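Here is a short report on a protein model and how its parts meet. Look over the sequence and the structure first, then read on.

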Amino acid sequence: MKNDVNRQFRLKTRPTGRIETSNFDFVEQPIPEPGPGEALIRVLYLSLDPTNRIWMSDMDQYMPPVEIGAVMRGGGIGVVVKSNSARYKEGDHVSGLTGWQDYCIADEGMNAMGVLPKGLPVGLPTMLGACGMTGLTAYFGLLELGRPEPGNTVLVSAAAGAVGSIVGQIAKIKGCRAVGIAGGPDKCRHIVEDLGFDAAVDYKRKDWREQLAAATPDGIDVNFENVGGEIMEAVMARMNLFSRMPLCGMISGYNTGDPAMRADFSPILMRRIEVQGFIVVDFMAKFAEGATQLATWVAEGKLKHRETIVDGLENAPVAVNKLFDGGNIGKLVVKVAEAP
């Protein structure tokens with residue numbers, strides 16, 4: 001890799017179906033110079049998330065779509081290599097919207113980044129996962145919107161993924177029965193044997209609906225929804241009176257273009273299900289509280305985490321499809337450079 005250039009993925013065309021390398025221009029630019037109040041950040045790790053696919057699309061969303069020709073938006077962690085800002089000191093690790101590139105500029109305003117505390121008890125990839133935005137998504141979505149009570153049955157789809165794996169473990173911490181839907185025997189074994197879920201449903205088996213019924217004999221009190229489509233439809237049919245459904249994602253339709261919200265809505269009315277869509281930034285004012293609790297649970301061994309790490313920025317467009325193909329367990333991260 002050249003160290004004297006800034007490699008960037010710039011969006012060339014909007015994907016239809018799977019994300020392809022041909023949807024991007026992979027270009028080399030001069031490394032930017034930080035101006036007054038700015039710092040130059042060397043990107044170390046890039047977070048890959050289902051929202052990357054949304055950002056590539058020209059659709060109604062919570063942030064403007066990435067413009068054609070612009071650097072692909074993405075969150076990450078980097079290190080400050082040059083600073084003209086009192087906020088950032090050389091050697092600081094920072095997190096924020098780095099983009100799919102080797103270097104980025106952090107400022108003190110619109111593109112301000114969070115400075116990570118020194119002496120972290122976990123590795124940097126974990127600060128993108130269990131103790132980062134992924135963990136916070138699970139934490140606030142479940143506790144603020146799902147409001148689980150001891151003895152409740154909490155079900156989460158995409159349970160072996162970054163968010164789902166944390167949701168199930170928090171449910172157990174709160175005294176609930178945790179049921180996860182995942183794809184394949186290895187993932188189902190992982191969430192039960194390694195993460196402590198009470199039951200797993202393998203959606204790749206033909207009898208997954210029967211498995212779902214057996215795993216939820218008392219119905220479902222909280223459905224943390226990540227997938228949409230026929231899985232959501234089947235889960236809603238088993239939800240209890242006055243149950244809650246935090247709606248985090250509908251990943252089943254992101255690549256296919258199929259309507260992921262195609263479910264029969266009658267259970268919402270008949271069972272008075274509380275459905276609330278959310279984005280993690282809705283809870284920004286409470287991020288410090290959530291991150292502190294997540295880190296405490298990790299330190300206490302109550303919250304286990306796993307990362308799937310892909311080496312090399314150049315592999316980001318191919319790697320992101322793992323989210324939709326089921327090729328990752330836990331948080332999906334691209335290692336861009338070695339930490340100094």
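In this predicted model, 17 residues of domain 1 are in contact with 10 residues of domain 2. Contact means heavy atoms within 4.5 Å. Domain 1 covers 5-126 + 306-335, and domain 2 covers 133-281. These bounds come from an automatic or database domain assignment. The C-alpha centres of the two domains lie 28 Å apart.

Some ground rules apply. Residues are numbered from 1 along each chain as its sequence is written, and side-chain values use heavy atoms, without hydrogens and water. As the model is predicted, local features need pLDDT of at least 70 and side-chain atom pairs count only at pLDDT 80 or more, while totals for chains, interfaces and linings use all residues.

**The interface**

The size of an interface is often given as the accessible area lost when the parts come together. Here domain 1 and domain 2 bury about 1,200 Å² between them, 60% of it on carbon and sulfur atoms. Buried area is the accessible area (1.4 Å probe) that two parts lose on being put together, summed over both. Y62, F324 and I329 supply 33% of the area that domain 1 buries against domain 2, more than any other three residues.

| Between domain 1 and domain 2 | Value |
|---|---|
| Buried area | about 1,200 Å² |
| Salt bridges | zero |
| Residue pairs in polar contact (both at pLDDT 80 or more) | five |

A polar contact is a pair of N or O atoms within 3.5 Å; within protein, one must be able to donate a hydrogen and the other to accept it, and residues adjacent in sequence count only if both atoms are side-chain atoms. On the domain 1 side, α1 (50-56) and α10 (322-325) each supply at least two residues. Helix α1 gives the most, with three residues.

**The whole chain**

The chain has 10 helices and 15 strands. Helices (H or I, at least four residues) and strands (E, at least two) are DSSP runs, numbered from the N terminus. The C-alpha atoms fill a box of roughly 60 × 45 × 35 Å, taken along the principal axes.

The structure holds 17 salt bridges. Each is a side-chain nitrogen of Lys or Arg within 4 Å of a carboxyl oxygen of Asp or Glu. D25 forms one with K12, the closest N and O atoms being 4.0 Å apart. D25 sits in strand β2 (residues 24-29), and K12 in the loop between β1 (6-11) and β2.
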